[in-house]
Amino acid sequence: MTRDGGPRTTGPGRRLRRHAVRGTLSALAAVVVATPFVGAWSYDGARRAVSPQSEPPVVETDGAGGGIVKARAGAPVVLAYHDINPDPTNDYTLTPRQLDAQLAALAAAGYRSLTTEEFTRYLTTGASPAPRTVYLTFDDGTRGLWAHADQVLARHRMHAASFLITGAVGTHRPYYLSWAEIDRMKSSGRWDFQDHTHLSHERAAVDAAGHQGSVLSNRLWLPKEKRLETENEYRLRVRGDLDESLRAFSGHHLPAPRLFAYPFSETAGPTNLAARNTSVLERLLRERFTASLTNVSSRPLPAGPRAAAARRVERLEVLRTMSTDAFVERLNERICRSPAEIPEPLRNPEQWQFPGSPSGTGLTALTGTGAAQGTYVSAVHLPLGTADWNTYRVTATVGRLSGTGTSASIEVGHGSLHPVSVTVSEAGLRVTERPAGGTARVTTGKLTPAARHRLTLEVSPGGVRVTVDGGHAVVARATEHPDPARTSGGVSLAVRDETAGTAAWPRFTALRIAP
């Protein structure tokens, strides 16, 4: 018996007890010895998940912002960046020095950066916190945003939005951001995070021949079944990807994203979707986001009422090959101006674009020399900067009209869903309305024959009143319930000469725009 009255352990039982005690002590010793190493391993893993940040570059800023238009008030300009790295290997990666120079120019011109909340509030209400604003977006969620861009933003006290491919976060390190870096960026107050799909930012075969297309905007080819996805399979796949992305935001304690950026900006590219499936994709996005962003659009959709109605915003994509001068020039094309700020567009040749015309075509093609090739030339005046014009007056004088083979045209509401064009020849008038999804409506009239005519177009959301030579008047696009977002847009001009051997083209000798 033991002293406490318990049974005495002898023989094999006593030996087993000794072994158990020794095993316990050995395990405790192993834990004590291993604890520092486990702690060090965990710390090292956390440290490696957060890359060191580089110091912002030293950039000469004298004269920065001098060429950027200082509009009185207007819509935000939306810029699209990708990666930032001091040693770029592609055109989508800017150096920290380039980013710094661009933000310095914006700041010097009085531009304030917006948060996503402020930007979406502008889209829904038209309210802006400052006269001149910019919304900075970065696609893909690359590590360079934390390592190289963050401190540049800090220097200029600016905010930006990173559009995450949530399924790529933490993978292919060090290319993509880690969740730990995202948490640091969120805590800084300089960043918020929006959606760029979960794992649909890639291309795959979209037909039996293996042609590649965006997996978000196309039905995929299923090689085992030797067929395309069905419409329902496509719908379920895309819905699942979008919802998985939203779950990733929630699971990492990020606010639900308000905006979605199309992969590859393939909103206007080829697709094997039927029209109803394109609508399915748009519906899936509209159910989850306030608006989608793209760098390519079939019609001008800068941030503003027109884009808000379409729930799609066109951005200016900034590439490494873009010089500072080119950056300023492209930026100025997108800055919203009021009709009062550019009363005489013919005095500003840099404000005109000539889509479809031979390289080198300039404003003189409309004011004197005509087209270098062919019988027709047209030009658009600041299609992005005037996209939301809906109440203004255009007065123009056209000369050198001869017979029926020459004419000149003015279009108002350019890029809208209901543009109106007015064409005059020596003795004729034609007013053409082109409602989206409808049949063109044409009104014609006779004019007193003359080589020179004066036109006045009074534009409002409810209609366009056309007056020629102070007398002949036509009202077009009249509606009782006007929708400014549907009819807004600026001015384009065109001249035509189908007379063989004519030495003098029709020309615009005057053009004025007023509120």
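Thr397 is buried in this predicted model, with a relative accessible area of 3%, where buried means under 20% relative accessible area, exposed over 50% and partly exposed in between, for a 1.4 Å probe and protein chains only. The place of Thr397 is in strand β18, residues 392-399; helices (H or I, at least four residues) and strands (E, at least two) are DSSP runs, numbered from the N terminus. Leaving aside neighbours within four places in sequence, Thr397 is in contact (heavy atoms within 4.5 Å) with Arg452, His453, Arg454, Arg507, Phe508, Thr509 and Ala510. The model is a predicted one, in which local features need pLDDT of at least 70 and side-chain atom pairs count only at pLDDT 80 or more, while totals for chains, interfaces and linings use all residues. Residues are numbered from 1 along each chain as its sequence is written, and side-chain values use heavy atoms, with hydrogens and water left out.

Strand β18 belongs to an open sheet of 5 strands, in the order β25-β24-β23-β18-β27, with antiparallel pairing; two strands pair if DSSP finds at least two bridges between them. Because β25 (472-476) and β27 (507-514) each have a single partner strand, they stand at the edges, and one side of each is left without a neighbour in the sheet. Strand β24, residues 463-468, pairs with β25 in the antiparallel sense over 5 bridges, and Thr467 stands opposite Ala473 in β25.

The axes of helix α2 (residues 96-108) and helix α4 (residues 144-156) come within 10 Å and cross at roughly 25°, the axes being lines fitted to C-alpha atoms, for helices over the stretch in contact, with angles that run from 0 to 180 degrees between N-to-C directions. The two helices α2 and α4 are therefore roughly parallel to each other, given that angles under 35 degrees count as roughly parallel, over 145 as roughly antiparallel, 65 to 115 as roughly perpendicular and the rest as oblique. The contact is made by Pro96, Leu99, Asp100, Leu103 and Ala104 of α2, together with His148, Ala149, Val152, Leu153, Arg155 and His156 of α4.

Two residues other than glycine may be set side by side. Asp140, which is not a glycine, has a positive phi of about 90° and is found in strand β5, residues 133-140, where Asp140 is buried, with a relative accessible area of 12%. Arg157 likewise has a positive phi, near 55°, but the place of Arg157 is in the loop between α4 and β6, and Arg157 is exposed, with a relative accessible area of 81%.
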